[in-house]
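Please open the model in your viewer and keep the selection panel at hand. The tour moves from stop to stop, saying at each one what to select and what is there.

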Amino acid sequence: MSLKNEEQNDLSPRDSVKGNDQYRAPSGIHLEHEEESRNGFRQFETSDLFRHPRIHLEPQEKSDNNFKKFVIKKLEKSCQCSSTKAKNTIFGFLPVLQWLPKYDLKKNILGDVMSGLIVGILLVPQSIAYSLLAGQEPIYGLYTSFFASLIYFILGTSRHISVGIFGILCLMIGEVVDRELYIAGYDTVHAASNESSLVNQMSDRTCNRSCYAIIVGSTVTFVAGVYQVAMGFFQVGFVSVYLSNALLSGFVTGASFTILTSQVKYLLGLSLPRSGGVGSLITTWIHVFRNIHKTNICDLITSLLCLLVLLPTKELNERFKSKLKAPIPAELFVIVAATLASHFGKLNEKYSTSIAGNIPTGFMPPKAPDWNLIPRVAVDAIAIAIIGFAITVSLSEMFAKKHGYTVRANQEMYAIGFCNIIPSFFHCFTTSAALAKTLVKESTGCQTQVSGVVTALVLLLVLLVIAPLFFSLQKSVLGVITIINLRGALCKFKDLPQMWRISRMDTVIWFVTMLSSALISTEIGLLTGVCFSMFCVILRTQKPRTSLLGLVEDSEVFESMSAYKNLQAKSGIKIFRFVAPLYYVNKEYFKSALYKKTLNPVLVKAAQRKAAKNKIKRETVTLSGIQDEVSVQLSHDPLEFHTIVIDCSAIQFLDTAGIHTLKEVRRDYEAIGIQVLLAQCNPSVRDSLARGEYCKKDEESLLFYSVYEAMTFAEDSQNQKERYVPNGPSFSSD
């Protein structure tokens, strides 16, 4: 076989250098050996003289993959209507109809009531505090938590997760709200709440800043909910698999830095514009330091006192959570005490502290989202929808596995989608499951979704009666509560040493996502994390592990000789393992690694030809002044092995480039008398090889179901070859 230019071009410089040092010209080469060696193995492939019988498996008959028939069959199945199917559809969409009639009142009611009360008490201050993060009035946070708890009770399948306000989503909503307020020309520095804007909103048709802010928030929430329901309908929940634990953890930690930064102005009592877009964290800190001389001392002292109370209490709750029947509701105590101190001390009048302002009772009339805003916020809603359903589904599956029941991921997407769509008509913003409140809910005895109803009743009581009492509550207190609840995300740094020991790649993904989410923006940070994670997957397959295998003594098991001791290497046979799919990204690395661990057939062939040419010139003699070339018998120096077995057990798939590479490798090795066998190919790889015509009809026996089978075949074929061809082929003189 002639040496092709493309084969030479495929060699890396490193291979060429090593090859020239390693392969010297053999002392003699027979020029006709190539053709005979290529056909030499085939005469033994169908021989019946092998010591070990071959494994033969009969493939299953493939089903008809006619797409048209498949679609028609699906449509017929979907369009069939019966009372049983209608009942199953309704019960599947409304899980409450299935489990509520079977509710064990005596067994479950106490735990559900206790957990619902405690989560409701915790949600009151958090809902008010997170409203500021979302750029909304406090009342809207209470609305959001109320409707989310009630709707998830009806549609959700998880018994333990707490659905409501989540800090990261509030931050993302707030960034969109601030951008749209700026575009609409509203003053983003001075909040309208201090001027009783909410009362004016109810009585005046003119939409002020607060009114427009909730319109933007509810519109984004509506679009995000539509995306989530669409994901459930089209069953595209697989999108969440691209959000690894390391990526989500890094994203939450990075976004937590942005949340913390956005709350600093409340702690210091500064009136600053909320920075948005790329680099908002750095911009906000620049504004803080430029205006730090304007710090409100009263707000600063209040913030420090709240931190001194809440930090130790949170630590006690965490350290003694196994002994405490319920966590200490320190946030509620702090809010009550701070409100009383602010009211009776007249801190707003004396020191101009920033307060929550009027929080009306009752519910506002429902209002549809602004349809004209949808094109402007549609892209922003994508990231919000993905983060919301990814966190909700992962938490529901985690707690379901822990407590021994199942959840339906598709139904969870419907549930969280409608927890956003329906409340968006009632002045609410985006919700999802939250880990901290879910842990509290589980630890306080939650048994079923009834706990969510109890939580909703607590929030309803606040909405109808208690909310106006928080008029004098300082915003610095709400900022402290928001920051305190970031403690879990910020403490992730303690887990980094262990993560580094387990997986350095995951640690790098965590850092890249965290830094990009904090320093650039939350949306770009999430996108950067996803892209970098996918790049890491490609990187792992671009240069995977390769090794030569040896036989474990007294067994048919082969393992890496670089990883284990006392493995037996079979004489004349090299067994090569490639731990990755073989496709266009790593095809060159596959060849390079194989050549490095065995030998480079292209360089060997070139050396053989060069040696043969030089030998013929030296044997030229002159008789009677006439030069005659005399054919001589050239001995062929035997190579140290005759067979290469490629263990394909770790090759998940092949593409066209991978198939071409295997063909090329086989052709090159056969050109120097080495046969190439493939072992342990999975059905997908076998199908790809068949479609790519890797084997001809008379060569199908070169694919083996085990490495041991391939090894015995190689030994038998070599023994028979030595028996039938005792002497190498030779030239005959004319």
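Begin with the lining of the largest cavity, which by class has four nonpolar, six polar and three charged residues; here Ala, Val, Leu, Ile, Met, Phe, Trp, Tyr, Cys and Pro count as nonpolar, Asp, Glu, Lys and Arg as charged, and the others, Gly among them, as polar. This is a predicted model, in which local features need pLDDT of at least 70 and side-chain atom pairs count only at pLDDT 80 or more, while totals for chains, interfaces and linings use all residues. Residues are numbered from 1 along each chain as its sequence is written, and side-chain values use heavy atoms, with hydrogens and water left out.

**The largest cavity**

Select Thr 261, Ser 262, Arg 274, Ser 275 and Thr 284, which among the 13 lining residues lie nearest the centre of the largest cavity. A cavity is, on a 1 Å grid over the protein atoms alone, a set of points where a 1.4 Å probe fits but cannot get out, and lining residues have an atom within 4 Å of a point. The elements that give two or more residues to this lining are helix 10 (167–184), helix 13 (245–268) and helix 14 (280–290), and helix 13 provides the largest share, four residues. Helices are DSSP runs (H or I, at least four residues), numbered from the N terminus. The space in this cavity is about 130 Å³, where a volume is the space filled by probe spheres set on the grid points, which are joined across faces, edges and corners. A search of the whole structure finds four cavities of 30 Å³ or more.

**The second largest cavity**

Next select Ser 149, Tyr 152, Ile 161, Lys 441 and Gly 452, which of 13 lining residues lie nearest the centre of the second largest cavity. Helix 9 (138–155) and helix 21 (450–466) are the elements that give two or more residues to its lining, with helix 9 giving the most, four residues. This cavity holds about 100 Å³ of space, and its lining has, by class, five nonpolar, seven polar and one charged residues.

**Helix 15 against helix 16**

Now display residues 297–319 (helix 15) and 330–345 (helix 16), which pack at an angle of about 165° with their axes 10 Å apart. Axes are lines fitted to C-alpha atoms, for helices over the stretch in contact, and angles run from 0 to 180 degrees between N-to-C directions. That angle makes helix 15 roughly antiparallel to helix 16, a term used for angles over 145 degrees. Show Cys 306, Val 309, Leu 310, Thr 313 and Lys 314 of helix 15, which meet Ala 330, Glu 331 and Val 334 of helix 16, contact meaning heavy atoms within 4.5 Å. By class, five nonpolar, one polar and two charged residues make up this contact.

**Two loop residues**

Continue to Lys 346, in the loop between helix 16 and helix 17 (347–351), where phi is positive, about 50°, although the residue is not a glycine. Then pick Ser 352, in the loop between helix 17 and helix 18; Ser 352 has a positive phi of about 55° and is not a glycine either.

**Helix 18 against helix 19**

Finish with helix 18 (residues 374–403) and helix 19 (residues 409–421), packed at an angle of about 130° with their axes 10 Å apart. The contact is made by Phe 389, Thr 392, Val 393, Ser 396 and Glu 397 of helix 18 and by Ala 409, Glu 412, Met 413 and Ile 416 of helix 19. By class, that contact has five nonpolar, two polar and two charged residues.

Notes: Parallel < 35°, antiparallel > 145°, perpendicular 65-115°, else oblique. 1 Å grid on protein atoms, 1.4 Å probe; cavity = no way out; pocket = protein on both sides within 12 Å on 5 of 7 lines; lining within 4 Å.
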